[in-house]
Amino acid sequence: MEVNEQARCRDLAKSSSFYYAVYSEIEEVGWEHLVRLGGDLTFLSFRVLDKKGRVHVMEIQLDKAYPRVPPMVSADVPYIFNLEWSMNSRLKNLVQQFEEHLEKLQGFWSALDEIDRSLQIVDSKQASRAMSCRQIHIGNDCFIILSLNINDPRSLPECRFMGSGTIVNSLRKTWKRNIDRWMRDKPFSENLECLLKTQLPRPADEEKNNHLVECGICYAQYLPIGDELVPKSGSATDYTCENNNCSKAYHSMCLVDWLRSITTTRQSFNVLFGHCPYCSEPIAIKINTTKN
């Protein structure tokens, strides 16, 4: 979170007990984890990294009677945990409960990641970690919708068929005839091909991570066109986080400006050392990349 946002929150904290409570509790969690903060401090979101390096954003809505009224939570997860809350609870307790919830979902997300990597997903850009199903192209304009058991993701999934009646009917019969052959220790692609007795299309050879071309700081694909930005005027994102579970794209100019606003950023010669705004993994960027 930028220094001026922190300063604004500090000024508000002087005006009421609610603002003071929110400000002090954000400090406990860490400003580097804060993604967004509403003008009246009733809305905020934190970035949380799970043990597999996946980045999650937890959105929190606060009532002005907080902490007497517990916060409302939303996130890109299949279901929200049962919040344990008391008058003595703080935002750090909420983050801790969210981290424990993420831990319970690791097996489910690992299964989804495997499916997304190995099979041809329909509307892959719309597939989220909150969804327990995937629509998969199986050839001949036919599709299957796999629904995973969130609590037992390696078990036989529910399967619905879509497409040409003759082909789908044949595949459905083959599926039912072979369901006993499902093996939870086998990859999903192998299991599906074994049950359906057909080879499935692999992911289309599209530009990798095409949905990540927008800058994670300014949220634009291209920098504005203007003399003050020459020679970077109108350029696309040119820096990507090296954490494979993040791979967030940035304009190097935006990233340099953001790192310079963070007090923990270190500089050695023409290189800035800090942390990715999304996953908090260490990053390094040459300052002169904004001048080439």
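**Close-up 1. Arg 54, a buried residue.** At 4% relative accessibility, Arg 54 counts as buried (under 20% relative accessible area, with exposed meaning over 50% and partly exposed in between, using a 1.4 Å probe and protein chains only). This is a predicted model, where local features need pLDDT of at least 70 and side-chain atom pairs count only at pLDDT 80 or more, while totals for chains, interfaces and linings use all residues. Residues are numbered from 1 along each chain as its sequence is written, and side-chain values use heavy atoms, with hydrogens and water left out.

**Close-up 2. The salt bridge between Arg 54 and Asp 113.** Here the two side chains come together at 3.0 Å, N to O, as a salt bridge (a side-chain nitrogen of Lys or Arg within 4 Å of a carboxyl oxygen of Asp or Glu). Arg 54 sits in the loop between S2 and S3 and Asp 113 in helix H4 (residues 106-118), so the contact ties together parts that are 59 residues apart in sequence. Helices (H or I, at least four residues) and strands (E, at least two) are DSSP runs, numbered from the N terminus. While Arg 54 is buried, Asp 113 is partly exposed, at 24% relative accessible area. Asp 50 belongs in this picture too: salt bridges that share partners join Asp 50, Arg 54 and Asp 113 into one network.

**Close-up 3. Glu 103 meets Lys 51.** This pair makes a salt bridge at 3.9 Å, N to O. The two partners come from distant parts of the chain, 52 residues apart: Glu 103 is in helix H3 (residues 91-104), and Lys 51 is in the loop between strand S2 (43-49) and strand S3 (55-61). Glu 103 counts as partly exposed, with 37% relative accessibility, whereas Lys 51 is exposed at 72%.

**Close-up 4. Arg 202 and Glu 193.** Another salt bridge joins these side chains, with 3.2 Å from N to O. Arg 202 is partly exposed, with a relative accessible area of 38%.

Close-up 5. Which cysteine sulfur is closest to that of Cys 279? That would be the one in Cys 241, 3.6 Å away and too far for a bond. A disulfide here is a pair of cysteine sulfur atoms within 2.5 Å, and the count of disulfides comes to zero. Cys 279 is buried, at 0% relative accessibility. Cys 194, by contrast, is partly exposed, with a relative accessible area of 21%.
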